[in-house]
Amino acid sequence: MEAISSSTNELVEKVLKNAAEEQKKFKSIDVSRDIELNIDVGNLLAVDPNTLNLKAYGTKKEEYLASLARDGTQLLFNDLWKLPVQRVDEAITVKLPEPTTVLPREKHVPKKRPATKWEQYAKVKGIQKRRKPGKIWDDEEQKWIPRYGYKSKNDLKRDWLLEVPDNADPYEDQFGKKKKAKQERVAKNELQRLRNIARQRKGKVPGVGLTPTENPSKSQINKAIHLSKHSTASIGKFENKLPKEPDVKNLGKRRKFDPVMGSLKKEQDLQKDVIAGLMRGKPEMNVTKAVNRQIREEQEGAAAERRTGKKGGKRGKEKGSRKALPKTAGRKRTKGGKRGKKR
């Protein structure tokens, strides 16, 4: 018994020694700083206002900066673990609060995508989306096959034999019928996707006439007849009517043309819209500024002309200038330069 107890004590001491050595490798989660860090949990940001130790920074720069980064990260994680946690898909997550630091961003915050018609219906009915596995078990081949796409259970190349229903035509091509039904499903899904996109962007999707259905109603049949007749070049003007065929009114869209002789104001507005569309993206001309600049240039030119004209007049009145002496009727020049009357 003594030998067993001694060996047990040695084992315990060895385990405790190893645990102490392992504990020395990891630092404590309690970090003390002279000035508390400014932590913004919403942005996962920690700002350290403490001054650097220049001596440690100068001798061991990389190790010192790594220790500062580790301490700041530890304090940030300590605040994260104080938040309420929740489990999502076998992962522990926390909901971050609103950020306190305003950070600039290049693009605007993306808007929340509006719900599709199916998502609205599922929300009203309480239908929850379940994630289906990508592969399913096939009892015929005894192996896992893809649920959708190539080599899946619904692959057209997989069916080399199809059963003809009792109420179907025995000479009908079941392979072609199945292929056509798949094409219609794909087209219907694509149309629904485009409608969801148009609804999100508040646009409109052009109509497709009549969507094919297995058991069309009476109104759908009348609509199909009307669309087929109005698809001709004469818009159904010369098409014969079936017996007891009802007249379908206000179905479809008609093109509208402006009258040839209309109001002058409407024509002016139309031309202005065309010019505005052509000038869109170009710098606009400030008419008031341009007119004021032209008036100022004309005034400066007129002032310059008046100044040059006054200087020329002064030069003309100088002595010895014949242009300065006007011609006077009834007088003549004498030899001495004096003026005299005619005799």
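**Side chains and helices**

Q: Where does Asp 269 sit on the scale: buried, exposed or partly exposed?
A: Asp 269 counts as partly exposed, because its relative accessibility is 30%. Buried means under 20% relative accessible area, exposed means over 50%, and partly exposed is in between (1.4 Å probe, protein chains only).

Q: What sort of model is this, and what limits apply?
A: The model is predicted, so local features need pLDDT of at least 70 and side-chain atom pairs count only at pLDDT 80 or more, while totals for chains, interfaces and linings use all residues. Residues are numbered from 1 along each chain as its sequence is written, and side-chain values use heavy atoms, with hydrogens and water left out.

Q: Back to Asp 269. Which residue does it form a salt bridge with?
A: Lys 265, with the closest N and O atoms 3.3 Å apart. A salt bridge here is a side-chain nitrogen of Lys or Arg within 4 Å of a carboxyl oxygen of Asp or Glu.

Q: How are Asp 269 and Lys 265 placed in the helix?
A: Both are in helix 7 (residues 264-278), and being 4 residues apart, they are separated by about one helical turn. Helices (H or I, at least four residues) and strands (E, at least two) are DSSP runs, numbered from the N terminus. Lys 265 counts as exposed, at 57% relative accessibility.

Q: How many salt bridges does the structure hold?
A: It holds 6. Among them is one between the side chains of Arg 293 and Glu 297, at 3.6 Å from N to O.

Q: Which helix is that pair, Arg 293 and Glu 297, in?
A: Helix 8 (residues 287-316), where the two are 4 residues apart and so separated by about one helical turn. Arg 293 is exposed, at 52% relative accessibility. Glu 297 is partly exposed, with a relative accessible area of 43%.

Q: What about Lys 82, which partner does it have?
A: Lys 82 forms a salt bridge with Asp 79, the closest N and O atoms being 3.7 Å apart. Lys 82 counts as exposed at 65% relative accessibility, whereas Asp 79 counts as partly exposed at 22%.

Q: New topic. How many aromatic pairs are there?
A: The structure holds 2 of them. In one, the rings of Trp 118 and Tyr 121 have centres 5.8 Å apart and planes at 35°, so this pair is tilted. The rule is that rings of Phe, Tyr and Trp (its six-membered ring) pair if their centres lie within 6.5 Å; planes under 30 degrees apart count as stacked, over 60 as edge-to-face and the rest as tilted.

Q: Where are Trp 118 and Tyr 121 in the chain?
A: Both lie in helix 4 (residues 117-125), 3 residues apart, which is about one turn of the helix. Trp 118 is exposed, with 54% relative accessibility, and Tyr 121 is partly exposed, with 43%.

Q: And how are the rings of Trp 137 and Trp 144 arranged?
A: Their centres are 5.5 Å apart and their planes are at 70°, so the pair is edge-to-face. Trp 137 is partly exposed at 39% relative accessible area, and Trp 144 is exposed at 54%.

Q: Next, helix 3. Which of its residues are buried?
A: Tyr 64, Leu 68, Asp 71, Gly 72, Gln 74, Leu 75, Leu 76 and Leu 80. Their cover includes strand 1, strand 2, helix 2 (54-59) and strand 4 (92-94).

Q: What about Leu 44, where is that?
A: Leu 44 lies in the loop between strand 1 (38-40) and strand 2 (45-47). Leu 44 counts as partly exposed, at 45% relative accessibility.

Q: Which residues is Leu 44 in contact with?
A: Leaving aside neighbours within four places in sequence, Leu 44 is in contact with Leu 76, Leu 80 and Leu 96. Contact means heavy atoms within 4.5 Å. Leu 44 and Leu 96 are 52 residues apart in sequence, and their C-alpha atoms are 8.8 Å apart in space.

Q: Last one: is Asn 196 buried or exposed?
A: Asn 196 counts as buried, at 14% relative accessibility. Asn 196 lies in helix 5 (residues 174-200). Not counting residues up to four places away in sequence, Asn 196 touches Thr 116 and Lys 117.
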